[in-house]
Amino acid sequence: MRSLVLVLGAGIFAIVPGYAQDAASGEKIFVQCKACHQIGENAKNAVGPVLNGLFGRKAGMIEGYSYSPANKNSGITWDEATFREYIRDPRTKIPGTKMTFPGLKDPKQIDDIVAYLKQFDSTGKKAGIVPAGRTREGAAAAQSVKPNPSPFGDRLTRVFYNRWLFLNI
Ligand code: HEC
């Protein structure tokens with residue numbers, strides 16, 4: 001019985017996008033992109049274009065950035081599906097691109113970078129998708145390994161603890 005409940009519990013976690021995709025660990029993966037890309041309110045074009053408001057925009061559209069013809073003429077509109085293919089292997093998705101990054105091979109890392117990038121609207125503000133039942137602050141508190149002084153952190157800990165208990169009946 002116990003293991004059945006655990007399996008069901010794991011299933012629930014897998015289908016709720018808020019748990020499958022993790023913007024906080026996406027931020028750590030973004031360190032790899034940071035060598036060439038900026039994101040956020042003060043982001044500027046660098047080796048690569050600004051990545052604000054990526055989802056929904058056409059490839060090659062950031063003003064003032066000099067794209068390769070391959071990228072500019074790719075005809076791609078960045079949505080989750082096209083971006084996932086691209087970031088797994090940029091030079092296969094857009095042959096001739098000048099992005100030399102080899103790609104992210106781990107599907108979980110791709111989930112997380114998608115969640116991270118999705119937070120930023122076209123002005124670089126974090127207008128992000130916040131998983132149901134959690135606020136961004138709450139998610140950050142849950143990620144934090146340090147004891148969190150805010151009462152919110154305590155409440156969140158209790159919520160997670162209760163959920164954990166429920167999964168272990
Ligand atoms: C070594 C530098 C470098 C790294 C590292 C890098 N990129 Fe890029 N990226 C570029 C360049 C250069 C371009 C422009 C490509 C072109 O014009 O062909 C680009 C283009 C892109 C585009 C297309 C943007 C548009 O407006 O069409 C996306 C999306 C992108 N990169 C995402 C990422 C992500 C996410 C990461 C990290 C996982 C990453 N890149 C890592 C250099 C890099």
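How many residues does α7 have, and how far does α7 reach from its first C-alpha to its last? With 12 residues, α7 reaches 16 Å, close to the 16 Å expected at 1.5 Å a residue; the expected span is 1.5 Å times one less than the number of residues.

## Ground rules

This is a predicted model, in which local features need pLDDT of at least 70, side-chain atom pairs count only at pLDDT 80 or more, and totals for chains, interfaces and linings use all residues. Residues are numbered from 1 along each chain as its sequence is written.

## Overall layout

The protein has nine helices and zero strands, and along the sequence it reads α-α-α-α-α-α-α-α-α. Helices (H or I, at least four residues) and strands (E, at least two) are DSSP runs, numbered from the N terminus.

Of the 169 residues in the protein, 19% are buried. Here, buried means that 20 or more other C-beta atoms lie within 10 Å of the residue's own, exposed means 12 or fewer, and partly exposed is in between, with C-beta atoms placed from the backbone. Among the contacts with a separation of 6 or more, 49% join residues 24 or more positions apart; two residues are in contact if their C-beta atoms, placed from the backbone, lie within 7 Å.

## Where α3 meets α7

Let's look at a helix pair. The axes of α3 (residues 23-34) and α7 (residues 107-118) come within 7 Å and cross at roughly 100 degrees. That makes α3 roughly perpendicular to α7. For the geometry, axes are lines fitted to C-alpha atoms, for helices over the stretch in contact, and angles run from 0 to 180 degrees between N-to-C directions. Angles under 35 degrees count as roughly parallel, over 145 as roughly antiparallel, 65 to 115 as roughly perpendicular and the rest as oblique.

On the α3 side, the contact is made by Ala23, Ser25, Gly26, Glu27, Ile29 and Phe30, and on the α7 side by Gln109, Asp112, Ile113, Ala115 and Tyr116. These residues divide into six nonpolar, three polar and two charged. In this scheme Ala, Val, Leu, Ile, Met, Phe, Trp, Tyr, Cys and Pro are nonpolar, Asp, Glu, Lys and Arg are charged, and the others, Gly among them, are polar. Buried residues of α7 include Asp112, Ile113, Ala115 and Tyr116.

## Residues worth a click

Alanine 24 sits in helix α3 and counts as partly exposed because it has 15 C-beta neighbours inside 10 Å. Its C-alpha lies 8.5 Å from that of alanine 115, 91 residues apart in sequence. Glutamate 27, also in helix α3, has 17 C-beta neighbours inside 10 Å and so is partly exposed. The C-alpha atoms of glutamate 27 and leucine 117 are separated by 8.6 Å.

Glycine 53 lies in the loop between α3 and α4 and is buried, because 20 other C-beta atoms are within 10 Å. Leaving aside neighbours within four places in sequence, glycine 53 is in contact with Phe120, Asp121 and Ser122.

## Around the ligand

The ligand has 27 residues around it, of which Cys33, Cys36, Gly48, Ser68 and Met99 come nearest. A residue is near a molecule or strand if its C-beta atom, placed from the backbone, lies within 6 Å of it. Helices α3 and α4 (69-72) each supply at least two residues of this shell, which divides into 18 nonpolar, eight polar and one charged.
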